[in-house]
Amino acid sequence: MALYREQGVVLRTYKLGETDRIVHLVTTGRGLVRAVAKGVRRPGSRFGGRLEPFSHVDLQLYEGRNLDVVTQAELITSFARVRGDFALSACGSTMVEAADRVAQPAERSTRLVLLLLDGLRALDRIPQHPSATLDAYLLRLASVAGYHPYLDACAGCGATGGHLVFSIAAGGVLCPRCAPPGSRGLDPAVPVLLDALLDGDWRGLDAAAADPRVRRAAAALVNSFLIYHLGGRCGRGELVPR
Ligand SMILES: [Zn+2]
């Protein structure tokens, strides 16, 4: 059986039998990995505590027929602060659930891992508006998954300009010629925030998302965009405060 090493982020875990745990990870080299961690629920387990959701880990595994088996686990970052806070962990849970849905087995996923780590680090800094951090992650995740939102140019014809009609189905903003008649335009502050969510510095998100009305409008669009293009489970959880 082949041994291999991978770095990745634990997405979720669940119990198997009396003492084992199944772990879902997104790894840089092999994408989604489902592995068994044997004996980790026994007291004194060597690496049980390192395989918690959100943990960034360096693992050694061997290939099994159905599930791979974890033989070593080194913790790189635990993100324990995110796990320990209700609002932060709600956002983090939505992040890893969405990654679990987008990641594919046996597919290099460096961008996805880096994005997830960026999102978790941003939550770990205890942002004032964790929901804006989550929305930034989700919008960037759509882009990584192949659904890059059009924000600078019309999704219909490519005309540049600050367009204010947003079409979920078209995948972004529409110019006045491409927008269906009678379309209602967005508050001009909303596309500015969407731009910051998609491309801005993570540390600047609190300032960009300071206006709660604009933040809620952008969040609703991000949620609809993710549900439409990536499926229902990628939408933000109802527990996440806006
Ligand atoms: Zn157009």
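Visitor: Which residues does Leu 198 touch, not counting residues up to four places away in sequence?

Guide: Leu 198 touches Leu 139, Arg 140, Ser 143, Pro 149 and Leu 151. Contact means that two C-beta atoms, placed from the backbone, lie within 7 Å. This is a predicted model: local features need pLDDT of at least 70, side-chain atom pairs count only at pLDDT 80 or more, while totals for chains, interfaces and linings use all residues. Residue numbers start from 1 along each chain as its sequence is written.

Visitor: Why is Leu 198 called partly exposed?

Guide: Count its neighbours. Leu 198 has 18 other C-beta atoms within 10 Å. Buried takes 20 or more, exposed takes 12 or fewer, and partly exposed is in between, with C-beta atoms placed from the backbone. The count of 18 is in between, so Leu 198 is partly exposed.

Visitor: Where does Leu 198 lie?

Guide: In helix H5, residues 189-199. Helices here are DSSP runs of H or I with at least four residues; strands are E runs of at least two; both are numbered from the N terminus. Val 190 also has its place in helix H5.

Visitor: What makes Val 190 buried or exposed?

Guide: Val 190 has 21 other C-beta atoms within 10 Å, so it counts as buried. Val 190 touches Val 214, Ala 217 and Ala 218, leaving aside residues up to four places away in sequence. Val 190 and Ala 218 are 28 residues apart in sequence, yet 5.8 Å apart in space, C-alpha to C-alpha.

Visitor: How do you know that the reach of H3 is close to the expected one?

Guide: H3 covers residues 110-124, which is 15 residues. The expected span is 1.5 Å times one less than the number of residues. That gives 21 Å, and H3 reaches 21 Å from its first C-alpha to its last. Buried residues of H3 include Leu 112, Leu 116 and Leu 120. The buried residues of H3 pack against strands S1 (3-16) and S2 (20-27) and helices H1 (80-83), H2 (86-102) and H4 (130-144).

Visitor: How far apart do the C-alpha centres of domain 1 and domain 2 lie?

Guide: They lie 29 Å apart. The contact takes 16 residues from domain 1 and 19 residues from domain 2. The bounds come from an automatic or database domain assignment.

Visitor: Why does the radius of gyration of the protein chain agree with a compact globule?

Guide: The radius is taken over C-alpha atoms, and the globule rule is 2.2 Å times the number of residues to the power 0.38. For 242 residues the rule gives a value near 18 Å; the protein chain has 20 Å, which agrees. Of these 242 residues, 41% count as buried.
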